[in-house]
Amino acid sequence: MQIPFHSSERASLGVEWELQLVDLETRQLTAGAVEILEELRPAGGDEHPKAKHELLQSTIEIITGVCTTVAEAKADLAGTLAEVRTAAEHRGLGLLCAGTHPITDWQTQQISPKERYLQLVEKMQWLARRLQIFGVHVHVGVRAPEKAIPIVNALTQYVPHFLALSASSPYWVGADTGLASARSKVFEGMPTAGLPYQLSGWDRFEEYMETLISTHAIESVREVWWDIRPHPDFGTVELRICDGLPTLDEIGAVAALSQCLVEQFDRELDRGYTLPVPAGWVLRENKWRAARYGLDADIVVDEKGTVRPVRQAIADLVEDLTPTARRLGCEAELADVERILAVGASYQRQRAVAAAHDGDLRAVVDSLLAEMRDGLPAAPAVGMPVAPVGGRPVPDPAGGRPA
């Protein structure tokens, strides 16, 4: 089986952002996508070019076109966000984004009336029906298929960095899960989701896809929902590991990290270097640590068992990538990673709001609505202890291990 890889311009960028529709009175996830997307559909067109259905009718995914810079991608998303927000407000709905909704029960949600999603639910049953989860996906252009798999393999060592930085799903159906990212564990229940298999090249990827399709495990490549995967149609490497992010500032930060890492690996391949392939057990352990402890995690950095704070690893990565960011024109957006480290990731901000309101998670919903409107806070939430950038972990408010 041959899978054509439609090569992209080097380091081109695309971003997908899954938005939640929330009733402004009840703060619950509420169906509205069908009506909103019909309102936004251009005359004579099948659908809005940059606002799409997702699995649930309480979700709208907005996407960019093919962008060159992170700033361009942010501006693209902001334009579509404004259109969706106007249509939502007419219906008493607000927009927010986080990896999960703090209080809504997934059993109350309606599936989108598209054949693809109905077939998914029929096939996966409970596993699909409970996918009340939301993410951000970043595509970065790759020029040749022989580069895609080595870059995917090398990127897996940064799964804990992206997951800790974006973790925004501490709550599930009104309860604190004790995790920084419950979304990542819910999604792993799907049989083709999770960490990618470490394949040796594009030919092995084609063989693997042929096996899945011939055995009726999947119908197309798009049903392999790895945390990081090649996207043959777009000619990109797609990073799908991030939880839903509440602000454009945070989207810019993870997009800059993604673009810089892929560009750096691309250049190393051009110079004849062999990219690293981390040990599978290290990847699994580090993803778990990031899902559980977020920015307070200590991650394994070699096969000898050496550990270091992920917070420090992220800060060092930003420093290492700054020259690349300067070349790509995303230095300001990359620097926003340090802003997130300073004010706290979303899971930390959400828990601080809940603590300040005697555990009332409706206040958390309100804070997420406000962040979508106003951007990343300028300072940590009241009462939230945050370690300095590169510092040691602070005690986990969900009862995890101390520093």
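Strands β10 and β11 form a hairpin with four residues between them, and Gly235 in the turn has a positive phi of about 70 degrees. A word on names: helices (H or I, at least four residues) and strands (E, at least two) are DSSP runs, numbered from the N terminus. The model is predicted, so local features need pLDDT of at least 70 and side-chain atom pairs count only at pLDDT 80 or more, while totals for chains, interfaces and linings use all residues. Residues are numbered from 1 along each chain as its sequence is written, and side-chain values use heavy atoms, with hydrogens and water left out.

**The hairpin and its neighbours**

β10 covers residues 228-231, and β11 covers residues 236-243. Four bridges join the two strands, which run antiparallel; strands pair if DSSP finds at least two bridges between them. Pro230 has Val237 as its bridge partner in β11.

Which residues of β10 sit on each face? Ile228 and Pro230 are on one side, Arg229 and His231 are on the other, and all are buried. Here "buried" means under 20% relative accessible area, "exposed" means over 50%, and "partly exposed" is in between (1.4 Å probe, protein chains only).

β11 is also joined to β5 by six bridges, and those two strands run antiparallel. Val237 turns up again here, as the bridge partner of Val140. So far, then, Val237 is a partner of Pro230 and of Val140.

β5 (residues 135-141) is mostly covered, with seven of its seven residues buried. On one side you'll find Gly135, His137, His139 and Gly141, and on the other Val136, Val138 and Val140. β5 also pairs with β1 (residues 13-23), in the antiparallel sense and over five bridges. In that pairing, Trp17 stands opposite Val136.

**Helix α9**

Now for a helix. How far apart are the end C-alpha atoms of α9? They are 33 Å apart, which agrees with the 33 Å that its 23 residues (248-270) should span at 1.5 Å a residue. The expected span is 1.5 Å times one less than the number of residues.

α9 is mostly covered too: 18 of its 23 residues are buried. Gly252 lies in α9, and at 0% relative accessibility Gly252 counts as buried. Leaving aside residues up to four places away in sequence, Gly252 touches Val70, Lys74 and Glu333; contact means heavy atoms within 4.5 Å. Just after α9, Gly272 takes a positive phi of about 90 degrees.

**A pair of helices**

Two packed helices are described by the angle between their axes and the distance between the axes. Take α11 (residues 310-328) and α12 (residues 331-343): their axes come within 9 Å and cross at roughly 170 degrees. Axes are lines fitted to C-alpha atoms, for helices over the stretch in contact, and angles run from 0 to 180 degrees between N-to-C directions.

α11 and α12 are therefore roughly antiparallel to each other. The cut-offs: under 35 degrees is roughly parallel, over 145 roughly antiparallel, 65 to 115 roughly perpendicular, and the rest oblique.

On the α11 side, the residues in contact include Ile314, Val318 and Leu321, and on the α12 side they include Leu334, Val337 and Leu341. The residues of this contact divide into eight nonpolar, one polar and four charged. In that count, Ala, Val, Leu, Ile, Met, Phe, Trp, Tyr, Cys and Pro are nonpolar, Asp, Glu, Lys and Arg are charged, and the others, Gly among them, are polar.

**A few single residues**

Here's how accessible some individual residues are.

| Residue | Relative accessible area | Class |
|---|---|---|
| Asn286 | 4% | buried |
| Arg129 | 35% | partly exposed |
| Gln125 | 33% | partly exposed |
| Arg27 | 21% | partly exposed |

Asn286 is found in α10 (residues 280-293) and touches Pro160, Ile299 and Val300, not counting residues up to four places away in sequence.

Gln125 sits in the loop between α3 (115-124) and α4. Its phi is near 55 degrees, a positive value in a residue other than glycine. Arg27, in the loop between β1 and α1 (33-40), also has a positive phi, near 65 degrees.
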